[in-house]
Amino acid sequence: MSDLTLPDGVIAHLGSSAEPVAQSLADEVANVLSERLSSAPRASLAVSGGSTPVPFFRALSDKNLDWCRVDIVLVDERWVDENDPASNTRLVKDNLLQGPCAQARFFSLKQPGESPAAALSEVEKVLDGLWFPLDVLILGMGTDGHTASLFPDAPELPEALALGGSARVAAMTPISQPQQRITLTFPVLAAAGYTALHLRGDDKLETLARALAHPNQIEAMPVRGFLKPGLRLFWSP
Ligand SMILES: O=C1O[C@H](COP(=O)(O)O)[C@@H](O)[C@H](O)[C@H]1O
């Protein structure tokens, strides 16, 4: 990590193991949500799926917050049933929406429909109940530089990245992935008030170094769109 040069204004929290880093992220997110709830009727939190967030979810779910005023949404979902091990919704329900956090309101990106493309208008309706811009956004990243389901090899990527578009969600069919995906679009994600990138593993650090080497080529590595002042980076081996 010592030879990784981060852009000015990106604040890094690096630890030697996953649990304390996840705990620090949970502390910070709980503080941001709590502050927001002191001046607003509700607060919104968008989280990522995959394997990295599990200890963060468990740490956050225990926080003493007015969870019944918190709205939670995933940044992306695989188009699978909720009982499928690949379901991000299942991951959130099993690990985050537990204990005190079970009081939060969860907005599911997985709605009935054969494909994400067929369900987009239904999902947009669901999202009408959520407060935008998002207050808190926790992103992950794949070793191909995707974040949320903004995959470099998805034909729909240019549309999902386009600024000025009014769609909050996009259907994605990345060539590299076994499932179709649905994702919050780049403009929706980029407008969040607080954004953290939560990474685990040396491979993710190498990916981050590659992303930082050519920051403007966003379509090649969509995570580049978030490597900006204000970003909080949480990493552990
Ligand atoms: O497919 C996905 O991958 C990324 C990274 O996942 P991880 O298992 O390497 O932590 C994740 O951020 C995204 O939400 C997920 O759908």
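## The nonpolar core

The largest nonpolar core holds 64 residues, and Ala46, Val47, Val136 and Leu137 have the most contacts inside it. Helix 1 (residues 18–37) gives the most to this core: six residues. The model is predicted.

Leu137 touches Ala46, Leu189, Ala192, Tyr194 and Thr195, leaving aside residues up to four places away in sequence. Ala46 and Leu137 are both among the core residues with the most contacts.

Strand 9 (residues 194–200) is mostly covered, with seven of its seven residues buried. Both of its faces are covered. Tyr194, Ala196, His198 and Arg200 are buried on one side. Thr195, Leu197 and Leu199 are buried on the other. In a regular strand the side chains alternate between the two faces of the sheet.

Strand 6 (residues 136–139) runs parallel to strand 9, joined to it by four bridges. Here Leu137 stands opposite Thr195 of strand 9. Thr195 is also among the residues that Leu137 touches. Strand 10 (residues 232–236) pairs with strand 9 over five bridges, again in the parallel sense. In this pairing Leu197 stands opposite Leu233 of strand 10.

## One side of helix 3

Helix 3 (residues 88–95) has four named buried positions: Asn88, Thr89, Leu91 and Val92. They cover an arc of only 160° around the axis, so they lie on the same side of helix 3.

What do the buried residues of helix 3 pack against? Their partners are strand 2 (43–47), helix 2 (54–61), strand 3 (70–74), strand 4 (76–78) and strand 5 (105–107).

## Around the ligand

The ligand has 13 residues around it; Ser48, Gly50, Ser51, Thr52 and Gly140 come nearest. The shell divides into three nonpolar residues, nine polar and one charged.

## A buried loop glycine

Gly142 lies in the loop between strand 6 and helix 5 (157–161).

Leu208 is 66 residues from Gly142 along the chain, yet their C-alpha atoms are separated by 9.7 Å.

Technical notes
Residues are numbered from 1 along each chain as its sequence is written. This is a predicted model: local features need pLDDT of at least 70, side-chain atom pairs count only at pLDDT 80 or more; totals for chains, interfaces and linings use all residues. A residue is buried if 20 or more other C-beta atoms lie within 10 Å of its own, exposed if 12 or fewer, and partly exposed in between; C-beta atoms are placed from the backbone. Helices (H or I, at least four residues) and strands (E, at least two) are DSSP runs, numbered from the N terminus. The arc is that of the directions from the helix axis to the C-beta atoms. Two residues are in contact if their C-beta atoms, placed from the backbone, lie within 7 Å. A nonpolar core is a set of buried Ala, Val, Leu, Ile, Met, Phe, Trp, Tyr and Cys residues joined through C-beta atoms within 7 Å. A residue is near a molecule or strand if its C-beta atom, placed from the backbone, lies within 6 Å of it. Ala, Val, Leu, Ile, Met, Phe, Trp, Tyr, Cys and Pro count as nonpolar, Asp, Glu, Lys and Arg as charged, and the others, Gly among them, as polar. Two strands pair if DSSP finds at least two bridges between them.
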